[in-house]
Amino acid sequence: MTYTSDEIFMNAALEEARRGREQGGIPIGSVLVHNGVIIGRGHNRRVQQGSVIRHAEMDCLENAGRQPASVYQECTLYSTLSPCDMCSGAALLYGIPRVVIGENVTFSGPESLLTERGVEITILQHQECIHLMRQFIVDNAELWNEDIGE
């Protein structure tokens with residue numbers, strides 16, 4: 001079976017989501033890819049770290065370390081779930097030109113804002129991403145609502 005690069009990198013983001021779930025957190029994962037190489041990876045650590053901002057994309061960007069603008073401008077950000085306002089804002093702030101979303105069935109962030117600002121969006125509707133979030137929401141509705149600010 002042949003996989004596209006988007007599938008390969010989304011699978012890496014899914015590894016992060018599974019890791020978050022195993023740690024008792026919210027199963028969302030993210031990777032940042034520059035020229036075909038993962039330079040950052042992360043998962044939602046709000047529960048594990050008692051953090052208000054450690055969404056998967058923010059954790060991923062933090063773990064990528066400081067990068068020059070020229071690097072961010074050549075990256076693709078992968079996330080198992082549609083990025084929220086905060087995470088979308090970070091992508092815009094750093095000029096990340098492409099975001100690949102595992103799914104936006106269980107949650108849809110400001111994708112139109114990203115598109116309006118010139119970010120290329122690819123939505124995979126990846127079945128494992130959908131299943132992970134649906135099951136988590138059923139099992140942890142209160143925690144999920146906290147994570148999305150409801």
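Buried means under 20% relative accessible area, exposed means over 50%, and partly exposed lies in between, with a 1.4 Å probe and protein chains only. These legends describe a predicted model, in which local features need pLDDT of at least 70, side-chain atom pairs count only at pLDDT 80 or more, and totals for chains, interfaces and linings use all residues. Residues are numbered from 1 along each chain as its sequence is written, and side-chain values use heavy atoms, leaving out hydrogens and water.

**View 1. Ser88 in helix α5**. At 1% relative accessibility, Ser88 counts as buried. Helices (H or I, at least four residues) and strands (E, at least two) are DSSP runs, numbered from the N terminus. Contact means heavy atoms within 4.5 Å. Setting aside residues up to four places away in sequence, Ser88 touches Pro83, Pro110 and Leu114.

View 2. Two strands pair if DSSP finds at least two bridges between them. Strand β2 (residues 37-43) pairs with β1 in the antiparallel sense over 6 bridges; look for Ser30 with its bridge partner Gly42, and for Val33 with Ile38. In the hairpin of β1 and β2, 2 residues sit between the strands, and Asn35 takes a positive phi near 50°. β1 and β3 also run antiparallel, joined by 5 bridges, with Val31 opposite Tyr78.

**View 3. The nonpolar cores.** A nonpolar core is a set of buried Ala, Val, Leu, Ile, Met, Phe, Trp, Tyr and Cys residues joined through side-chain atoms within 4.5 Å. The largest one has 16 residues, and Leu32, Leu61, Leu77, Ile96 and Val99 have the most contacts inside it. Two or more residues come from each of α3, α4 (69-72), β3 (75-79), α5 (85-93) and β4 (98-101). A second, separate core has 12 residues, including Ala12, Ala13, Leu14 and Val31. Which residues does Leu77 touch, not counting those up to four places away in sequence? Among them are Val31, Leu32, Cys60, Ala91, Ile96 and Val99.

**View 4. Asn63 in helix α3**. Asn63 counts as partly exposed, at 39% relative accessibility. Leaving aside neighbours within four places in sequence, Asn63 is in contact with Ile39, Gly40, Arg41, Gly42, Arg45 and Arg54. Asn63 and Ile39 are 24 residues apart in sequence and 8.2 Å apart in space, C-alpha to C-alpha.

**View 5. The largest pocket.** On a 1 Å grid over the protein atoms alone, a pocket is an open set of points with protein on both sides within 12 Å along at least five of seven lines, and lining residues have an atom within 4 Å of a point. The volume of the largest pocket is about 240 Å³, counted as the space filled by probe spheres set on the points, which are joined across faces, edges and corners. Of its 13 lining residues, Met58, Asp59, Leu61, Glu62 and Tyr94 are the closest to the centre. Helix α3 (residues 56-64) gives the largest share of the lining, 4 residues.

Terms used:
On a 1 Å grid over the protein atoms alone, a cavity is a set of points where a 1.4 Å probe fits but cannot get out, and a pocket is an open set with protein on both sides within 12 Å along at least five of seven lines; lining residues have an atom within 4 Å of a point.
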